[in-house]
Amino acid sequence: MPLIPLLSAFRKRRQLTKTDKTIIVLSVFAFISAISAYLGKVFFRNNSPVVHFWTIAEFSCLLIYFVHLVNERSIKLFFQIVGFSFILFTLYNTLFIQSIFEYNSHSKGLEATVLTLFSLIYLIYSINNESFFEKAHISINYYTIAILIYCGSNQLLYLLYNHLNTIDKSFTNLGYRLHFWFYVLFNVLLALGLGLWNRETKQK
C-alpha cells in the first residue's frame with residue numbers, strides 16, 4: 001500500500017515541498033517495514049521487532065510533520081513535549097514491559113490516541129487562522145485528514161477489539177479487515193495530496 005503515495009510522489013518529484021518530503025519518508029519507512037514484517041513472519045514466525053521499530057519511525061515522521069506546520073510557539077512546544085514523551089515511553093515499554101518479540105499494544109494504542117489529538121489540534125488551528133481554506137494548503141489538508149481518519153479508526157478498533165474479542169474470537173478477523181481498508185484509505189488520501197499539481201502559492 002505505501003507504493004500508492006510513492007508512485008504519486010514520483011510524478012511530481014520536481015515540485016515537492018518539505019511537507020511532501022516528510023510524507024514520502026513516512027511512506028518509504030512503511031514500505032520497508034511491510035517487507036520486513038512479511039519476511040519476519042515467513043522465516044522467523046515473529047514480526048514484532050519490526051512493529052516496535054515501525055512505531056517509533058512512523059511517530060517520529062508524523063511528529064516532525066506537525067511541528068513543522070505550526071507557527072504558534074505554544075502549540076509547537078506542546079507537540080514536542082508530548083511527542084518526545086511518547087518516544088521515551090515506547091522505548092521504556094520495549095525494554096521493560098513488552099518484549100521486542102511481543103506485540104507492543106501499549107505503544108500502538110497510545111500512538112493512535114496522540115496522533116488523533118495532534119490531527120484535531122492542527123485542523124482547529126488551521127481553520128482558526130484560515131490557512132485551511134487556502135488553495136496552497138489543500139495537500140496538507142489531505143495529509144492531516146488521512147492521519148486523523150487512520151489513527152482515529154485505529155483507536156476505535158483497539159477499544160472494540162479489547163472488548164468484543166472477549167465475547168467472540170471472530171471479531172479478530174473483522175478487526176483485521178477493517179484495519180486493512182482504513183489503511184488503504186489512508187494511503188489513497190496521501191497519494192491524492194502528493195498528486196496535486198499547479199499550486200498557486202508555495203506550500204510549507
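# Notebook: a helical chain

I began with the secondary structure, and the protein comes to seven helices and zero strands. I note that this is a predicted model. Read from the N terminus, the elements run α-α-α-α-α-α-α.

**Entry 1. Overall numbers.** I looked up burial next. The protein has 204 residues, and 44% of them count as buried. I then took the accessible surface, which comes to about 11600 Å². Carbon and sulfur atoms hold 69% of that surface. I also checked contact range. Among contacts between residues at least 6 apart in sequence, 77% join residues at least 24 apart.

**Entry 2. Helix 3 against helix 4.** I turned to helix packing. Two packed helices are described by the angle between their axes and the distance between the axes. For helix 3 and helix 4 I noted an angle of about 175 degrees. Their axes are 10 Å apart. The angle makes helix 3 roughly antiparallel to helix 4, because anything over 145 degrees counts as such. I listed who makes the contact. Helix 3 brings His-52, Thr-55, Ile-56, Phe-59, Ser-60, Leu-63, Phe-66 and Val-67. From helix 4 come Lys-76, Phe-79, Gln-80, Gly-83, Phe-84, Phe-86, Ile-87, Thr-90, Leu-91 and Thr-94.

**Entry 3. Helix 4 against helix 5.** Helix 4 spans residues 73-97 and helix 5 spans residues 105-128. Their axes come within 10 Å and cross at roughly 175 degrees. Helix 4 is therefore roughly antiparallel to helix 5. On the helix 4 side, the contact residues are Ile-75, Phe-78, Phe-79, Val-82, Gly-83, Phe-86, Phe-89, Thr-90, Asn-93 and Ile-97. Helix 5 answers with His-106, Ser-107, Leu-110, Glu-111, Val-114, Leu-117, Phe-118, Ile-121 and Tyr-125. Phe-79 of helix 4 is in this list, and Phe-79 also touches helix 3 in the contact of the previous entry.

Leu-117 sits in helix 5. Its relative accessible area is 39%, so I logged Leu-117 as partly exposed. From Leu-117 to Phe-79 the C-alpha distance is 9.8 Å, although they are 38 residues apart in sequence.

**Entry 4. Salt bridges.** Side chains of opposite charge can pair when their charged atoms come close. How many salt bridges does the structure hold? I found two.

One joins Lys-108 to Glu-58, with the closest N and O atoms 3.4 Å apart. Lys-108 is in helix 5 and Glu-58 in helix 3 (residues 48-69), so this pair ties together parts that are 50 residues apart in sequence. The other joins Lys-108 to Glu-111, and here the closest N and O atoms are 3.0 Å apart. Lys-108 and Glu-111 are three residues apart in helix 5, so about one helical turn separates them. Shared partners join Glu-58, Lys-108 and Glu-111 into one network.

Lys-108 is buried, with a relative accessible area of 10%. Glu-58 is buried, at 5%. Glu-111 counts as buried too, at 3% relative accessibility. The call follows because buried means under 20% relative accessible area.

Entry 5. The elements giving two or more residues to the patch are helix 1 and helix 2. Which of them gives the most? It is helix 2, with nine residues. Leu-39 has its place in helix 2. Leu-39 counts as partly exposed, at 38% relative accessibility.

**Entry 6. A loop residue.** Last, I looked at Thr-17. Where is Thr-17 found? I located Thr-17 in the loop between helix 1 (3-11) and helix 2 (18-44). Thr-17 is buried, with a relative accessible area of 9%. Thr-17 and Leu-194 are 177 residues apart in sequence. From C-alpha to C-alpha, Thr-17 and Leu-194 are 9.6 Å apart in space.

Methods:
Residues are numbered from 1 along each chain as its sequence is written. This is a predicted model: local features need pLDDT of at least 70, side-chain atom pairs count only at pLDDT 80 or more; totals for chains, interfaces and linings use all residues. Side-chain values use heavy atoms; hydrogens and water are left out. Helices (H or I, at least four residues) and strands (E, at least two) are DSSP runs, numbered from the N terminus. Buried means under 20% relative accessible area, exposed over 50%, partly exposed in between (1.4 Å probe, protein chains only). Axes are lines fitted to C-alpha atoms, for helices over the stretch in contact, and angles run from 0 to 180 degrees between N-to-C directions. Angles under 35 degrees count as roughly parallel, over 145 as roughly antiparallel, 65 to 115 as roughly perpendicular and the rest as oblique. Contact means heavy atoms within 4.5 Å. A salt bridge is a side-chain nitrogen of Lys or Arg within 4 Å of a carboxyl oxygen of Asp or Glu. Accessible areas come from the Shrake-Rupley method with a 1.4 Å probe; for residues, only the protein chains shown count as cover.
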